[in-house]
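Visitor: I would like to learn how to read the features of a model like this one. Could you take me through it step by step?

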Amino acid sequence: MAALVRRGYNVVMTLTDVRQLLHQLDLWPSKALGQNFLIDGNILRIVIEQAEIRADEVVLEVGPGLGVLTELLLDRARRVVAIEKDRRLCEHLRERFPGLDLIEGDATRVDLPAFDKLVANLPYSISTPLLERVVEGPHPPRAMVVMLQREVAQRLTAAPRSKEYGALTVLTQVRYDSHVAHVVSPKCFYPAPEVESAIVVLLRRDPRVKLRPGAPFREIVRAGFGHRRKMLGKLLSPFGPVPERIAHQRAEELSVNEWIELANGLRG
């Protein structure tokens, strides 16, 4: 197995290490699976520091790949559950980490366990649907520290009236405060992706405006952003009368609190 280089508490695989290990595993990184392996120890350090993992926590990692981040998570958390779709990588992870709770499959489809934090270098191909699934689930985690495409990071942290502000923004910000902790260069991965990445930190909180049980929040947000250039009065009419002050606005003009208040006044 390729040598591991230790720098402080980091366990870093160099570019040479990654290439050698992939060769031994007879594996070429799959673009379709979003496989870009981290080779920068400083970025790994930032992820771990931002995650602030406690010894009593269950951590979910999606797309563990070669297991560089996995090793550090196992050192800190009570339990680590990892979901990996690539069969060959699963074989490698089982051999390297006998104590890892590994699920082989698509993270957007398999049953998700209960967990306290999501900490992961998310594959680009599933970052948006996975985040939607997690934040809209019945038991959203107390925190997420995820590395993903910078474009998605901008959507998660966007403000109203910006082009990045969309359904993902509203559905996430209703439950989480989010910020970009670090922008990550393509050079930090092998193979290097064509776009920049970012480390995003999401911390769960109670909604600032209480959402009433049964309010069609998710439904009206998706309907509103499904046709961004149309006025909300017409788009949301199937849910009931839309207040006059909102009827002539577009989806990106409403704040998260306004979306909640609107949902509270409409029927499911």
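Visitor: Where is the place of M231?

Guide: Before that, a word on the ground rules. This is a predicted model, in which local features need pLDDT of at least 70 and side-chain atom pairs count only at pLDDT 80 or more, while totals for chains, interfaces and linings use all residues. Residues are numbered from 1 along each chain as its sequence is written, and side-chain values use heavy atoms, with hydrogens and water left out. Helices (H or I, at least four residues) and strands (E, at least two) are DSSP runs, numbered from the N terminus. With that in hand, M231 sits in the loop between α8 and α9.

Visitor: Which residues is M231 in contact with, leaving aside neighbours within four places in sequence?

Guide: Contact means heavy atoms within 4.5 Å. For M231, the partners are A247, H248, Q249 and R250. By contrast, take L89: 142 residues from M231 along the chain, its C-alpha atom is separated from that of M231 by 48 Å.

Visitor: What about T169, buried or exposed?

Guide: T169 belongs to helix α7 (residues 167-173). Its relative accessible area is 0%, so T169 is buried. Not counting residues up to four places away in sequence, T169 touches R155, L156, A158 and E164.

Visitor: How do I read the buried side of a helix? Which residues are buried in α11?

Guide: In α11, the buried residues are V256, W259, I260, L262 and A263. They lie on the same side of α11, because their arc around the axis is only 160 degrees. Their cover includes α7, α8, α9 (232-235) and α10 (244-247).

Visitor: And which residues are buried in helix α1?

Guide: In α1 (residues 15-24), they are D17, V18, L21 and L22. Here the arc around the axis is only 125 degrees, which means that they share the same side of α1. After α1 comes D26, with a positive phi near 55 degrees.

Visitor: At what angle do α8 and α11 pack?

Guide: Axes are lines fitted to C-alpha atoms, for helices over the stretch in contact, and angles run from 0 to 180 degrees between N-to-C directions. Helix α8 (residues 217-226) and helix α11 (residues 256-264) pack at about 115 degrees, and their axes are 9 Å apart. On the α8 side, F217, I220, V221, G224 and F225 make the contact, and on the α11 side W259, I260, L262 and A263 do. These residues divide into 8 nonpolar, 1 polar and no charged; Ala, Val, Leu, Ile, Met, Phe, Trp, Tyr, Cys and Pro count as nonpolar, Asp, Glu, Lys and Arg as charged, and the others, Gly among them, as polar.

Visitor: How does α2 pack with α3, and at what angle?

Guide: Helix α2 (residues 41-51) and α3 pack at an angle of about 35 degrees, with axes 11 Å apart. There, L44, V47 and I48 of α2 meet V68, L69, L72, L73 and R76 of α3. The tally for this contact is 7 nonpolar, no polar and 1 charged.

Visitor: How many salt bridges does the structure hold?

Guide: A salt bridge is a side-chain nitrogen of Lys or Arg within 4 Å of a carboxyl oxygen of Asp or Glu. The structure holds 23 of them. One of these joins the side chains of R96 and E71 (2.6 Å, N to O). Since R96 lies in helix α4 (residues 87-96) and E71 in helix α3 (residues 68-76), the pair ties together parts 25 residues apart in sequence. Both R96 and E71 are buried.

Visitor: Which residue forms a salt bridge with E252?

Guide: The partner is R229, with the closest N and O atoms 3.1 Å apart. E252 lies in the loop between α10 and α11 and R229 in the loop between α8 and α9, so the pair ties together parts that are 23 residues apart in sequence. E252 counts as buried at 10% relative accessibility, whereas R229, at 58%, counts as exposed.

Note on methods
Buried < 20%, exposed > 50% of the residue type's maximum accessible area, 1.4 Å probe, protein only. Arc of directions from axis to C-beta.
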